[in-house]
Amino acid sequence: MADDTTSGAGLDLGVPTAARVYDVMLNGKDNYAIDRQVAQASLEVMPELKQIAIHNREMLHRVVRYLAEEEGITQFFDLGSGLPTARNTHEVAQEVNPDAKVVYVDIDPLVLVHGHAILAENANTRVVTADIRNPQEILEHPDVTALIDFGKPVCVMLVGILHHLLDEENPGGIVETLRDAAVPGSYFFITNFTRLGDAPESAELEKVLLSQLGTGRVRTPEELETYFEGLELLSPGLVPLPLWRPDGIVRDSTSIAARFMTGGVGRKP
Ligand code: SAM
């Protein structure tokens, strides 16, 4: 666990952050007592959250590998990338193509601190601290444009981030701005908490996240489909994470752990 008395990089250790709470779910070490409290309160409502985080990472690995290997995508723009954790986007993409470019963007300054340490020697990867609610600024950020050429196809990744935006923060508008900036042949990879009609805990979890973290919005499948407007959704569509082109037999696709997050990949025609 991180040292709770450590401060630096403008970090406020009395306030939980989504990146660090997610790190708790993935059994990471870059989190503080306040983050562990929020994680614990969330796990009491939905004990499956740890497994859901694992499913989310596994889908990320499958999608990045597929796009790098099969579709020849060489640029990955990972928004709300989270703290560096086992098998990050650049590791998967650069395993396929050592020249693949990856830009990580996250609002949490700790992501940059850890990213710098890990990526000091990787010229094809950068970390930017920025707020996705200002998408135009991100698109013009010098560290983004240094690596990503928006004249070429790019994979825009919004993995587990849009549910941290409230409706009034217009997540659909953010996707639209990014979609307009991407050339045809670009891909959009999105995963999100999904409201389950048969699981009242999804509404309960939303309350915990909103009250303790200040963010958290669990959306219906219909709401999530609007993020893919103007894109061709790749098969098998917007599905429970383990069902997106699984590597092997899927043993569980009906539990809350399997269904509470859905994800899909859309191609700009
Ligand atoms: N994408 C990673 C994954 O799926 O494994 C991490 C997902 S984590 C649940 C969500 C991340 O979104 C956190 O690291 C959080 O800091 C980041 N985030 C939340 N709101 C953001 C915003 N407005 N701008 C940029 N990043 C944001």
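Biologist: What makes I190 a buried residue?

Modeller: A residue is called buried if 20 or more other C-beta atoms lie within 10 Å of its own, exposed if 12 or fewer, and partly exposed in between, with C-beta atoms placed from the backbone. I190 has 23 other C-beta atoms within 10 Å, so I190 is buried. This is a predicted model, in which local features need pLDDT of at least 70, side-chain atom pairs count only at pLDDT 80 or more, and totals for chains, interfaces and linings use all residues. Residues are numbered from 1 along each chain as its sequence is written.

Biologist: Where is I190 placed, and which residues are in contact with I190?

Modeller: I190 is in strand β5, residues 187–193. Strands (E, at least two residues) and helices (H or I, at least four) are DSSP runs, numbered from the N terminus. Two residues are in contact if their C-beta atoms, placed from the backbone, lie within 7 Å. Leaving aside neighbours within four places in sequence, I190 is in contact with L158, L162, Y227, G263 and G264. L158 in turn touches L79, G80, V175 and I190, not counting residues up to four places away in sequence.

Biologist: How do you know that β5 and β8 pair?

Modeller: Two strands pair if DSSP finds at least two bridges between them. There are 7 bridges joining β5 to β8, and these strands run antiparallel. β6 and β8 pair over 2 bridges, in the antiparallel sense, and E232 has R267 in β8 as its bridge partner. β7 and β8 likewise pair in the antiparallel sense over 2 bridges, with P240 opposite T262 in β8.

Biologist: What makes α1 largely enclosed?

Modeller: In α1, 8 of the 8 residues are buried, so this helix is largely enclosed by the rest of the structure. They are A18, A19, R20, V21, Y22, D23, V24 and M25. The cover over these buried residues includes α2 (33–45), α3, β2 (101–106) and α5 (109–119). Just after α1, N27 takes a positive phi of about 60 degrees.

Biologist: Which residues come nearest to the ligand, and what is the make-up of the shell by class?

Modeller: A residue is near a molecule if its C-beta atom, placed from the backbone, lies within 6 Å of it. Of the 20 residues around the ligand, A19, G80, G82, I107 and G160 come nearest. α1 (18–25) and α3 (49–69) each supply at least two residues of the shell. By class, the shell has 8 nonpolar, 7 polar and 5 charged residues. Here Ala, Val, Leu, Ile, Met, Phe, Trp, Tyr, Cys and Pro count as nonpolar, Asp, Glu, Lys and Arg as charged, and the others, Gly among them, as polar.

Biologist: What makes a set of residues a nonpolar core, and how many residues has the largest one?

Modeller: A nonpolar core is a set of buried Ala, Val, Leu, Ile, Met, Phe, Trp, Tyr and Cys residues joined through C-beta atoms within 7 Å. The largest has 69 residues, and those with the most contacts inside it are F77, C155, V156, M157, L158 and F189. The largest share of this core, 10 residues, comes from α3.

Biologist: Why are N170 and R245 called partly exposed?

Modeller: N170 has 14 other C-beta atoms within 10 Å, so N170 is partly exposed. R245 also has 14 other C-beta atoms within 10 Å, and is therefore partly exposed. N170, in the loop between β4 (155–159) and α8 (171–181), has a positive phi of about 60 degrees although it is not a glycine. R245, in the loop between β7 and α11 (256–259), has a positive phi of about 40 degrees and is not a glycine either.

Biologist: Why is the protein called as compact as a globular protein of its length?

Modeller: The protein has 11 helices and 8 strands. Its radius of gyration is 17 Å, close to the 18 Å that the globule rule gives for 269 residues, so the protein is as compact as a globular protein of that length. The radius is taken over C-alpha atoms, and the rule is 2.2 Å times the number of residues to the power 0.38.
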